[in-house]
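Thanks for coming. I will go through a few packing details of one model, starting with a pair of helices.

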Amino acid sequence: MPELNVYNGTSRRCSPIKGQVSVPGDKSISHRALILGAVAAGETTIKGLLEGEDVLRCADALEIMGIDIKRPKSVHEGWKIYGRGIGGLFEPKSVLDMGNSGTAARLLIGLISGHPFTAFFTGDDSLKSRPMSRVMEPLEMMGADFQSAFEGKMPLSVTGTDQLVPIQFTLPIASAQIKSAILLAGLNTRGMTQVIEPKQTRDHLERMLQYFGADITCEKNTEGIQCINLIGQTELIGQDVVIPSDFSSAAFLIVAAIIVPGSQIKIIGVGINPLRTGLLKTLLEMGAKIEIENERLESGELIADISVESSAIKGVNVPLERVPSMIDEFPILSIAASCADGVTQMIGVGELRLKESDRLKAVAQGLTSCGVTVEEDHDSLVIHGCGSKKGYIPGGVTVSVNLDHRIAMSFLVLGMVSKYAITIDNVSVIDT
């Protein structure tokens, strides 16, 4: 894939945003649909797949490993994946370049661990700085072997085996990627692989595994802790999959409509998985005018239409237990908090330092440069909102986004209400 051109983007105070809109497909679900389609028997058709760079890197890697993928020629067609069954991938003849996609990297590392060959992974500078040891450690317990030149970071190699040992693993941190990597390795493991979640994380893979026919159960133990049990080497069957619109993408429009006076929008067909929508709960607590309409089930996922009106919002304390359900939305929540009346406190968000960038630092520095008062420490962020001040947020700066698409989009939203325009130094990262 060619290198992206880097260019600045500027956002400035705007008139009300109104109308009905759809946003692109959910990235997390798109990755998982491609991967399960690849190891299912027969044909899988995927409609609504997010065709951003991250997901395309995943598709490219699967093709390198022998999966026949027919990409649509028009927006009305779906992607077709011709699966090779459990354990059916071929050894890649070239390095798997994941670009900026930590999700694709960690999920494919898990999947490849159940195959008797070696694969080499790399990525861009941002991905190379992110920890992979958190998925390598449980996979090594199952029997995979890893070599990494930089203390558990990319570039790295994984040597899998079709003789993996099932494990019972308790997640040390709330991470759907670690859970998914273990479960994907467990697909080609004889016996039961169990993942225990002290803090429940997004369950897109579990829902999709059930949809494809896996022998998987999800239940709480006597202590109320979620346990996922997967019986390996059960054949998956190709399915027709409809990807819901991405809630994380919709979040930028939701916040924009809340903070831009006079705005009123409806976003159609958004995934509202209850383990993903902590931002909605938080915005409602802040006083946002949000309505959830026309709820329905599609390919195992709950979707709905979301109507939003501009609102006077107030600062809140975000509960610690809500963090896993909105970990990707804290940058855009910080924009809403900046425009709220009062103080918003976010605790237990240290995981944001290990995303595409150190998001805590990037948000704090960006907001401070725009004239917002922010307190930051290793695991928390406190934002003093400017909502009671007229013409409140000065802006008039260029924000460094550090190769992070969520930082880029968040500050473009802030520019819509700041006194002076806000420029971001790299728009091309949004392509991911």
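First, the angle terms: under 35 degrees counts as roughly parallel, over 145 as roughly antiparallel, 65 to 115 as roughly perpendicular, and the rest as oblique. Axes are lines fitted to C-alpha atoms, for helices over the stretch in contact, and the angles run from 0 to 180 degrees between N-to-C directions. Helices (H or I, at least four residues) and strands (E, at least two) are DSSP runs numbered from the N terminus.

This is a predicted model, so local features need pLDDT of at least 70 and side-chain atom pairs pLDDT 80 or more, while totals for chains, interfaces and linings use all residues. Residues are numbered from 1 along each chain as its sequence is written, and side-chain values use heavy atoms, without hydrogens and water.

Now the helices. The axes of α9 (residues 278-285) and α10 (residues 330-338) cross at roughly 10° and come within 11 Å. The two are therefore roughly parallel to each other. Contact here means heavy atoms within 4.5 Å. On the α9 side we have L279, T282 and L283; they meet I332, L333 and A336 of α10. That contact has 5 nonpolar residues, 1 polar and no charged. For the classes, Ala, Val, Leu, Ile, Met, Phe, Trp, Tyr, Cys and Pro count as nonpolar, Asp, Glu, Lys and Arg as charged, and the others, Gly among them, as polar.

Helix α10 has another partner. The axes of α8 (residues 247-259) and α10 come within 10 Å, crossing at roughly 0°. That makes α8 roughly parallel to α10 as well. A251, F252, V255 and I259 in α8 meet I332, I335 and A336 in α10. This contact is made of 7 nonpolar residues, with no polar and no charged ones.

On to the cores. A nonpolar core is a set of buried Ala, Val, Leu, Ile, Met, Phe, Trp, Tyr and Cys residues joined through side-chain atoms within 4.5 Å. Buried is under 20% relative accessible area, exposed over 50%, and partly exposed in between (1.4 Å probe, protein chains only). The largest core has 69 residues, and M98 and F121 are among those with the most contacts inside it. A second, separate core of 68 residues includes A251 and A336.

Finally, D97, in strand β6 (residues 96-97). At 35% relative accessibility, D97 counts as partly exposed. What does D97 touch, not counting residues up to four places away in sequence? The answer is R57, T122 and G123.
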